[in-house]
Amino acid sequence: MNVVFYLLAALTIAGGLAAMLLKHLIHAALAVTVAFAGLALLFLQLDAQFAGFAQILVYIGAVAILIVFAILLTHGAELPRGGVFSGTWFVGLAIAAGVFAVLGWAVLQSVHALPQQTAAPAVTVHDIGNALVGSYVLPLEIVALLLTAATIGAVIVAMHEKAGQK
Amino acid sequence: MRRELRTWNLTEGPLLGEGIIRGLAETAKNFAGSFVSAERLTTVEYPEQRIPTAENARVFPFLVYDGSNWEAGMRCVACQICEKECPPKCIYIEKSKDKKPDYVGKAQFYPTRFDIDISVCMSCQICVEVCPFEAIKMDTQFELATDDRFGGLLLDRRELAKSNEYYHSIHPTEASEVDARLADEKAKVEARAKAAADAAAAKPAVPAATAHVPEKPAEGGD
Amino acid sequence: MSATSFFSRLDQIFVLLRNWLVGFLPPTMRPAAGVVLAVMAIVCVFPGLFALTTVFERKGLGRMQNRLGPNRVGPFGFFQPVADGIKSLTKEDIVPISADGLVHFLAPLVLVVTVFMGFAVLPMGRNMVLVDMDAGVLFFFAMGAATEISVFMAGWSSRNKYSLLGAMRAIAQMISYEVVLLLSTVSVVMIAGSLSLPKIIDAQNQYSWGLPHWYIFTPWGLGAFIMYAIAATAETNRSPFDLPEGESELVAGYHTEYSGFKFALFFLGEYLAMFSISGMGTTLFLGGWSAPLAALNWIPSWIWFFGKVMMSIFVFIWMRGTLPRLRQDQLMNFAWKFVLPFTLLNLLVTALWRFLGEGWQRWVLCTLILAAAYVLMGRAGLYRKHIGPRSYRYAE
């Protein structure tokens with residue numbers, strides 16, 4: 001059990017590191033996809049089937065494709081002249097360390113808050129569905145509204161581009 | 001461009017997918033029919049099955065000979081008209097020094113060499129059209145592939161010579177017409193010779209020393 | 001042995017075979033060994049079916065085009081896949097010098113791996129599903145989405161304009177039709193009440209007056225099935241949606257630069273995707289392994305499943321032999337301006353079906369709504385030239 005977790009964690013971290021360190025942007029995008037896959041496997045290892053498969057479907061099947069399309073359509077695949085490391089890297093490091101500290105504190109606090117259980121509760125898709133339209137219906141509707149706004153915004157931006165070209 | 005929809009546009013017109021269904025029906029008919037009818041399966045599995053060639057099919061020329069001896073009976077008299085008329089110049093003829101008698105008995109030259117390069121020949125049939133002696137005709141054999149790339153497609157007179165019976169078998173109507181014409185010619189020549197002989201016999205006691213001895217056709221050369 | 005018990009044992013013959021084989025091992029290793037055996041069976045059976053399908057396709061297409069298919073290798077040409085396999089194995093594996101080596105190598109692997117994973121949730125007979133996942137449908141479509149990455153990898157790593165164009169077109173097409181695929185599946189999930197495939201089959205495995213409760217026999221099910229079939233044809237890059245790999249358009253699209261065995265892997269991946277999406281379609285709409293009439297239940301369930309899958313494959317081949325290729329913009333217009341709105345409407349009609357409750361009213365109402373929508377939307381789209389045959393403008 002633990003071995004599997006460490007392997008998957010190593011895979012995810014390797015993917016993330018590769019995404020950061022690789023020179024070629026498309027290679028970095030594919031490494032990010034590996035990191036997403038690692039995350040999905042971690043979800044599956046925790047018996048969160050729905051979350052794991054949704055991660056694959058959405059992140060690998062859509063977000064990764066979006067990233068590579070964006071790279072391709074904006075000529076981002078050419079190697080940058082000045083190298084991949086920016087001059088202000090220590091500021092980025094400080095911010096990342098701060099975010100990591102906050103997240104770590106939140107996770108450690110929640111470990112104390114949850115009761116000690118030997119086995120994770122089996123959450124079926126049925127339960128998730130019930131929760132989504134039961135107690136979490138307001139966040140669901142807000143997310144739906146957000147997605148609709150994003151879609152309409154994308155359509156308007158595209159239409160304006162067409163009108164601008166005419 | 002945006003076209004405004006009227007109600008009647010929605011109530012008439014083709015249904016989406018109509019053409020697709022019709023197309024699917026046609027291919028289904030093809031599929032099912034190919035097992036039962038020849039009209040829906042037009043493949044001929046060559047070389048196990050062959051379609052017989054038409055009578056006036058033509059591929060490459062061949063030389064006709066009468067009788068059983070191809071050298072003696074060859075109709076070609078090496079007039080070289082076909083060699084001159086051939087557009088890609090694929091015929092090569094060498095004339096003989098001596099003569100041999102032809103089908104009416106007249107002594108004619110003959111070709112000691114008659115080569116046709118069938119990799120060059122374009123089957124235009126001009127050589128057949130211009131030959132005055134019905135000596136060269138079009139063959140119908142097309143399975144002539146060879147692996148000898150240097151001389152395999154250069155046919156000499158031995159390979160080109162084929163009998164009149166063969167000519168009858170591949171182009172029966174043409175061969176019968178040709179034979180009829182040649183027989184007519186021969187009959188005319190013989191009639192003239194006979195008339196000349198009769199006229200000579202009718203003249204009494206002409207001294208033989210000064211008289212022209214007419215060239216009597218020897219009944220040979222067949 | 002009575003007839004019913006004989007046929008029920010025939011029905012479960014593969015399960016019994018696996019249990020017998022696994023019985024030779026100690027009890028701790030049995031589950032894992034069972035899974036390994038089942039995986040081996042899938043890995044052997046479906047590529048074998050793939051080989052058979054290539055021959056059937058070429059012969060079927062030939063007959064549809066008034067000619068014979070391959071008939072020289074083996075009896076009636078049925079050893080042709082052996083010849084094709086030997087050919088692809090012995091061809092030189094050419095990798096362009098400027099191609100990205102690792103990505104170029106991994107693309108066919110990723111494709112085949114993700115497509116094989118999709119077979120894990122298909123119930124191929126009674127008790128014959130490899131993993132009975134709670135979220136089986138979601139897993140299947142997650143694997144389908146992951147194949148798009150491999151298409152992109154193949155197209156981009158070849159450093160070839162045509163490959164890249166083909167890959168981008170293929171991905172655009174796959175993403176558009178994936179939405180349709182998922183929405184038509186949601187209708188089924190709504191009525192069956194579960195994402196687990198064996199439960200969806202159980203919901204359809206009932207008979208009224210001898211006729212089955214397959215979802216295709218309901219108005220919303222028929223609409224969803226037709227949209228699913230169109231989307232499935234587009235997802236697997238099959239004619240008439242095969243522009244990304246059309247030989248006359250883009251050489252071979254995203255697998256231009258692949259030769260030998262890697263090309264065979266792409267080919268295998270495409271056909272396996274066809275099998276798996278047909279398998280999913282039969283499970284969702286055609287009742288999976290259940291028999292069409294209650295009287296025919298004695299025929300083993302796996303025969304019904306594979307029979308239905310092969311019927312779907314035949315329909316794929318039939319469409320390939322009939323329809324000309326769609327242009328990229330025609331394809332996309334069709335997806336977004338006809339298929340997707342119709343599928344959304346179908347979803348609403350499914351909800352209506354559910355809430356109207358049992359009775360003849362829901363049949364009439366749903367059929368009327370869907371038929372009217374099809375006719376009206378079809379005619380509107382044809383008139384506005386969003387979909388349909390192209391119009392020609394000649395220079396005057």
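Reader: At what angle do helix 5 (residues 101-118) of chain C and helix 11 (residues 261-285) of chain C pack?

Author: This is a predicted model, in which local features need pLDDT of at least 70 and side-chain atom pairs count only at pLDDT 80 or more, while totals for chains, interfaces and linings use all residues. Residues are numbered from 1 along each chain as its sequence is written, with chains lettered from A and ligands numbered from 1 in the order in which they are written. Helices (H or I, at least four residues) and strands (E, at least two) are DSSP runs numbered from the N terminus, and axes are lines fitted to C-alpha atoms, for helices over the stretch in contact, with angles running from 0 to 180 degrees between N-to-C directions. On that basis the axes of helix 5 and helix 11 of chain C are 9 Å apart, and the packing angle is about 20°.

Reader: Which orientation class does that make for helix 5 of chain C relative to helix 11 of chain C, and which hand has the crossing?

Author: Angles under 35 degrees count as roughly parallel, over 145 as roughly antiparallel, 65 to 115 as roughly perpendicular and the rest as oblique, so helix 5 of chain C is roughly parallel to helix 11 of chain C. A crossing is left-handed if the near helix is turned anticlockwise from the far one by less than a right angle, and right-handed if clockwise. Helix 5 of chain C passes helix 11 of chain C in a crossing that is left-handed.

Reader: How do the residues of this contact divide by class?

Author: Two residues are in contact if their C-beta atoms, placed from the backbone, lie within 7 Å; helix 5 of chain C contributes residues including Leu111(C), Val115(C) and Phe116(C), and helix 11 of chain C contributes residues including Leu265(C), Gly269(C) and Leu272(C). Ala, Val, Leu, Ile, Met, Phe, Trp, Tyr, Cys and Pro count as nonpolar, Asp, Glu, Lys and Arg as charged, and the others, Gly among them, as polar. The division is 10 nonpolar, 3 polar and 1 charged.

Reader: What are the angle, the hand and the class make-up where helix 11 of chain C meets helix 12 (residues 301-322) of chain C?

Author: These two helices pack at an angle of about 120°, with their axes 9 Å apart, and helix 11 and helix 12 of chain C are therefore oblique to each other. Helix 11 of chain C passes helix 12 of chain C in a right-handed crossing, where the contact includes Phe275(C) and Gly279(C) on helix 11 and Phe305(C) and Phe316(C) on helix 12. By class this contact has 6 nonpolar, 5 polar and 1 charged residues.

Reader: Which pair of chains has the most contacts?

Author: Chain A and chain B do not touch, their nearest C-alpha atoms being 14 Å apart, whereas 17 residues of chain A are in contact with 17 residues of chain C. The contact between chains B and C takes 19 residues from each of the two. Among the 2 pairs of chains that touch, the most contacts are between chains B and C.

Reader: Which element gives the most to the side of chain B that touches chain C?

Author: The contact takes 19 residues from chain B, and the elements that give two or more of them are helix 1 (7-11) and helix 2 (18-33) of chain B. This side of chain B divides into 9 nonpolar, 8 polar and 2 charged residues. With 6 residues, the element that gives the most is helix 2 of chain B.
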